[in-house]
Amino acid sequence: MWRKAFVGALLALTVGYFYHTDPELPERLLQYLAQPPPSPEGAPSTPTIEQMISNAWEALITAPARQWSRVAVGVNACVDVVVSGVGLLQALAVDPGVGRDHEVLHSKEDLRETFIHYMERGAAAERFFNDKETFQRIARAAAEYPGAQLYVGGNAALIGQKLASYPQLMVLLCGPVGPKLHEMLDDQIVVPPESLQETDEFHLILEYKAGEQWGPTRAPQANRFIFSHDMANGEMSTLETFVASLEDFRPDLVVLSGLHMMEGQGRELWEERLKEAVVAISDVRNEVPIHLELASMTDKDYMNSIMQEQVIPIVNSIGLNEQELLFLSQASSGPHSELASWDGVPDVGRVSDILLWVLEQHGRADPESEADLTRIHFHTLAYHILATVDGYWGNQVAAVAAGARVAGSQACGLQSIDTTKVALRAPREFHSSYSEPRETLSLNPAEPVTVYRRGNVTFYLTPVLVCKQPLRTVGLGDAISAEGLLYSEILQQQ
């Protein structure tokens, strides 16, 4: 008995001595004891959840049975000038202040207020700058700003670039292509001579990082604000050239973008131009599917015209992000249109409700409908959803996984996912709808595409492995849609 007491006393004296010499020792000792035991020599360590998802994607992402061979893309193209948003505004002697959204920019003050409005939300947006001379002064300052970088820009050109990285594909790009842009395009891209012009169209992209501070404004996540004074893209001036070139090129997929650029031109112009666009799109051969890539808009009447009367019913597929999806619902008083904006990660149930509504009201979820829309590729920072009407599209598990994979790799400036540089931010549990009846669903890292059905619409959801320190956010949506299309297959209809 006395031996046990002696050992206990000796242990207490020893611990007391080390505590006196190193007061932090007990805490460090507890941290050490809390760590899992090391793996035996040569034994594999337990994979992280990010590694499990990335590995599972690699097994899921397989080529469709029938692949595209010729893809035509149009009609917005430009040169992107990418700069630090806060840095450029400071160089323009603009002070921080209160954010306020403007549908069209007329001055540096409008630019400052709108930039702050979206920076404090961590949200992407795009606006037309109405004053040509002021825009040119800002553009010169941006081009001369230390660290400014020039890239291929415009949804069509970015999608074309991504598609051209696959050597088996022949890509036609139609848009206002100036000398600088032509020089930067992939050699595999065919540009019709009628699309070439003497000067480039420049778009200014003001980026900000997660946690970046400007006055009282702090960005919750990395994103960008885009603006331009771009008349050629704003009027979709190459649309007819694009459609005319399809007859000789004979594509098996058409990708259309740039409709958002017309919004800043005024109602009279866009009303007339939309009618002409519908006529032009209707001239595309019926057997050739058309994907429409949407972008940031603010005019509800314009969005309504695109959705209800004009464009969306005559395309087969659309791609959009969380802001564009919510605005689309707000423009037509659809589900959850009472929301002013999303609060954090968009609720999966609410997103699913709006996607289903679009396919039922403006697509072919109703078998009696004459609309052509059967597929929506939705992407937000934390997860992606592909929603398709049953019987029209194949290989969508691979398609949604491929889109998420490229989001994680491209944001980090890498060719493939580095699981040490990304993090899972998607909800682990979610619902198929916001209201009852609804199905409770959960994320399985070993099978990271969750499939659920509502009526004759199937939803494919996968998380995104979000880059912790993104190098570039511009063009991510275009890369996601391009990758999703590459792995998609349209099914033969009887």
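Strand 1 (residues 70-74) pairs with strand 12 in the parallel sense over 4 bridges; strands are DSSP runs of E with at least two residues, helices are runs of H or I with at least four residues, both numbered from the N terminus, and two strands pair if DSSP finds at least two bridges between them. In this pairing, A72 stands opposite V254 of strand 12. The model is predicted, so local features need pLDDT of at least 70 and side-chain atom pairs count only at pLDDT 80 or more, while totals for chains, interfaces and linings use all residues. Residues are numbered from 1 along each chain as its sequence is written, and side-chain values use heavy atoms, leaving out hydrogens and water.

Strand 12 also runs parallel to strand 13 (residues 290-293), joined by 4 bridges, and S257 stands opposite E293 there. Together with helix 11 (residues 267-282), strands 12 and 13 make a right-handed β-α-β unit; right-handed means that, with the strands pointing away from the viewer, the path from the first strand over the helix to the second runs clockwise.

In a regular strand the side chains alternate between the two faces of the sheet. In strand 12, L253, V255 and S257 on one side and V254 and L256 on the other are all buried (under 20% relative accessible area, 1.4 Å probe, protein chains only; exposed is over 50%, partly exposed in between). Because 5 of the 5 residues of strand 12 (residues 253-257) are buried, the strand is largely enclosed by the rest of the structure.

The whole structure holds 1 disulfide, a pair of cysteine sulfur atoms within 2.5 Å. C412 and C467 form the disulfide, with their sulfur atoms 2.0 Å apart.
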